[in-house]
Amino acid sequence: MILARFNAEAGLARALERFRAERIGPLQTYTPAPLQGEPATSPIPLIILIAGLTGATASFALQAWSYTVAYSFPIGGRPQFAWASFVPTLFENGVLVAIAAGFLSFLVINRLPRLYDPVDESAMLRRASRDGWFLQVATEEPELLDRALVLLRDLDPVHVEELAG
Amino acid sequence: MMRVAACVLGLAIATYGWRLKSGGFFSGWLAALTLFSAWPLGSMALLLIHSLTGGRWGEVLRPALRVGVCSLPLLLPAVLPLAAGLSPLYAWARPDAAGHLANAFYLNVPFFAARGAVYLAVWFVLGWVVLFGRRIARFAPAGLFLLAVTTTFAAIDATMSLDPHFTSSIYGMIAAAGMALLALSMAVLLTAGRATPDERADLGKLLLALVILWIYLDFMQLLIIWQSDLSTDVPWYLDRSRGVWGGLRIAIVIGHFVLPFFLLLSPRMQRSRAVIVSVAALLVAMEILRSWWTVLPALGRSVDWIDLACMVGLGGLAIGLGSWMARRPVFARQASHV
Amino acid sequence: MSDVPLGAIPVVDPRETIGSMTDRVSGVPLRTTGWRWWWMALVPSASLFALGLLAVGWSFYRGIRVWGNDWLVMWGFPILAYVWWIAIASGGTFVSAFFFLVRVEWRTSINRIAETMTLFAAVCAGIYPILHLGRPWLAYWLFPYPNTMTLWPQWKSPLLWDFMALFTYVVASVLFWYLGVMPDLATMRDRATRRTGQVLYGFFAMGFRGTGPQWRHLKATYGALAAIMAPLVVSVHSVVGLDFAGAATPGWHSTEYPPFFVFGALWSGLSTVMLLLLTLRRPLGLAPLITERHIQVLAKLMLTSSLCMSYAYILDAFEPFYSGDATERIQFLNRVFGGYAFVYWGMIVCNCLFPLVLCVRRVRASHLMLGIVAVGSIVGMWLERFNIVVISLQRTHLPSAWGRYVPAVFDWMIFVGTIGLFLTGFLLAVRLVPMVSMYEMRELLAEKGQA
């Protein structure tokens, strides 16, 4: 693989454009902040919504069932199916399930924790969390790597590194 | 032109109805008055809030909100039928029922009239400041505080006192949330044609937030009163849960909360003109229904054509007056300054 | 009220770049010198915490009869302190979640401090309901778990809603905080020089490397979680209000209690954030990132929440007389003129009257005055909880049930113990975790053209 470091987001954005036009891939970026202009689609908000609604419905069902069937205890003349008093708990439980689902799906979709990755062999990658904007061409095909190196000569990176794996 | 025709027609029908059935007319007029006074007051509140927070939504809506504030002078003639109808409407205004009321120190005709005068004075001053003021942000916190207090007590006086035993301290907040929602929906309806998709997304988010705020406040009142089941508070809800009012209640929950909530959730829907306009129109219709749901059961009435006539009449007058006044040169000049 | 538009005050020092900002923020936990103030703050805090632990141990041994809770006032310091702490915690979530949704610039550098404050304040709040159960080892009965006693929780009780709400709030706050801190832990991992630092930060950063998909999913998740946390914090405080409003105790059955408690959360929470910012920005070297703009915006928000409190107090005073209920009237007059009247008037002064000085621009410019108003806020909110919890219980419906409440020394010890726990936890967090959200600051700096 090839790892190229740029010192500004604009440089990396231009490089990405050129690499995508030339169809050299697979590409990966390592940046200190999200790249502007990239589409922000993710399935996680929908997962959170569905999980929240499911949690709320399940909570309501549990409360209604336990109050009317399992442990029916008349208190103060209140109706058994007291839907109004089930609402606060169903909201809280729905939120809990939604947030837990959101966090877990974030980990699962990104395959975290991933404490080792071959790209960690590069010492300069540590700048990716400060001010380095990195482009990785994660392929082993020599032909693609050569084309990538040629392309990078025009794009003025700060440093280019070749790594195995 | 159509607006003038609508309001003239509505007024004519309403006046004719007054001659026929005066009891029905007064409650229909009260419902229409509480609803359409929400338009200038809610618009004032939104303009004051925007002067403090800034934001694209306010820039887009400002002309329409100013139209709303310009309809404020309608309140002056509109309270006259209310003043004439105090006895048929309010139990505490009738000497035979008022005697044993514990809150008669507050609910009596002279004090009511004095308070009403104070509210109107405060609203007119605030309206003048909002329309002509140069640096609104300086007065906005005090203005919002005064608006909140006067609106709360006006709502208590006008509609909560229909049942003199019913007390709910959140009532003013629910009324305020409904007012803001009505003003925002009317402004969106007047503006949606000219807004860009990004601006529509902002408006959609604001509508969603106010819808959530409204259902939260309304549900809290229901839950607390339901839980404690006190005989002074519960009849208010019981009257509004029987027969046609029960069905209307469910319709209001669906139309005022469930539908707008799910329609406005996705960013793609928030950008669509059709969704925003239809949600705003739906919310205006729901506010009308809620106004009837609040006022009419207290007098044991059902919805009648006279209520519709009062709504159409007063609504047409409000829209007509607001847009006519907003087009006057003196207001147009100010609009370009702010 | 504002002659210089707030927008003209820079939200971040114009000389900061993403490199210098990262060094500045991540350098704090890695620093080895300049911690004398930290030790001077930690030692008393840890002592207070130890004192609280002693009192808790004694309460476990002898039972909660060593507290002041007794017939006739059954709810005392524990519930008071619980509500006080959860209000402070909510303020942090308001800043980080609610103001995220409205996309304001000034939230970016203060949201980590606010969220960390929420974490520890929520923990302090959560201790109390468990402790004052009487048999805290049976606290798990509140869960709807399958059991041989065929028992279910009392779903209709606001106290159970409270348990659900608090549990959800603590878990949600931890997950939300952790999600936001993960990229910054990656920065710490890359900058740590000692092996233990690298291993620990690396472990907790879970291998976050800042790849395109990771950022994309992080932003989407964080945005969705913020959209849920904002109503959650309102619901948590409303459920706390419902704890009181669902009861028939005079003075508590008021439908405005849920939003009233939310106003109180805004007021005391924002004031505590202000206090933390004023005290921490210089010792941590964060002054270029937490600028005068943040202070001024918070001051205006504090004034707004104080006005909301005044509105709620007006209605609170109006209702007993309008409702015509004799017991309500008696309990309100007792509040205002009775033996504990100084509590009510102290509350009015601290929450409504004194904060009006924030209308004056020169007062808002003085950090000392802002600190005093903020301290007045948390004292005033404590007095308000005392007012609501204790004084209403002193004048219930039957005159035979009227009495006095005397807090015991163990009540005070546990209370200062929780303050010690909060300060100790927060100080440890300052030492270990970067206190500004670096990745959000990078986006802000890029917007300002300072990258």
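Predicted model: local features only at pLDDT ≥ 70, side-chain atom pairs only at ≥ 80, totals over all residues.

1. Chain A is divided into two parts, of which domain 1 is made up of residues 2-32 + 130-162 and domain 2 of residues 44-109. The C-alpha centres of domain 1 of chain A and domain 2 of chain A lie 48 Å apart.

2. In the contact between chain A and chain C, 50 residues come from chain A and 50 residues from chain C. On the side of chain A that touches chain C, the elements giving two or more residues are strand S2 (27-30), helix H2 (44-70) and helix H3 (83-109), and H3(A) gives the most, with 15 residues. Sorted by class, this side of chain A has 29 nonpolar, 12 polar and nine charged residues.

3. Helix H14 of chain B (residues 273-295) has 23 residues, which at 1.5 Å a residue should span 33 Å, and this agrees with the model because the end C-alpha atoms of the helix are 33 Å apart. Among the buried residues of H14(B) are B:Ile276, B:Val279, B:Leu283 and B:Trp292, and the list also includes B:Glu287 and B:Arg290.

4. C:Trp177 belongs to helix H5 (residues 158-191) of chain C, and it counts as buried because 22 other C-beta atoms lie within 10 Å, where the cut-off is 20 or more. Leaving aside neighbours within four places in sequence, C:Trp177 is in contact with C:Glu115, C:Thr116 and C:Leu119. The C-alpha atoms of C:Trp177 and C:Thr118 are separated by 9.3 Å, although these residues are 59 residues apart along the chain.

How values were computed: Residues numbered from 1 in each chain as written. Chains lettered and ligands numbered in written order. Domains from an automatic or database assignment. Helix = DSSP H or I, 4+ residues; strand = E, 2+ residues; numbered from the N terminus. Buried ≥ 20, exposed ≤ 12 C-beta atoms within 10 Å, placed from the backbone. Contact = placed C-beta atoms within 7 Å. Expected span 1.5 Å × (residues − 1). Nonpolar A, V, L, I, M, F, W, Y, C, P; charged D, E, K, R; others polar.
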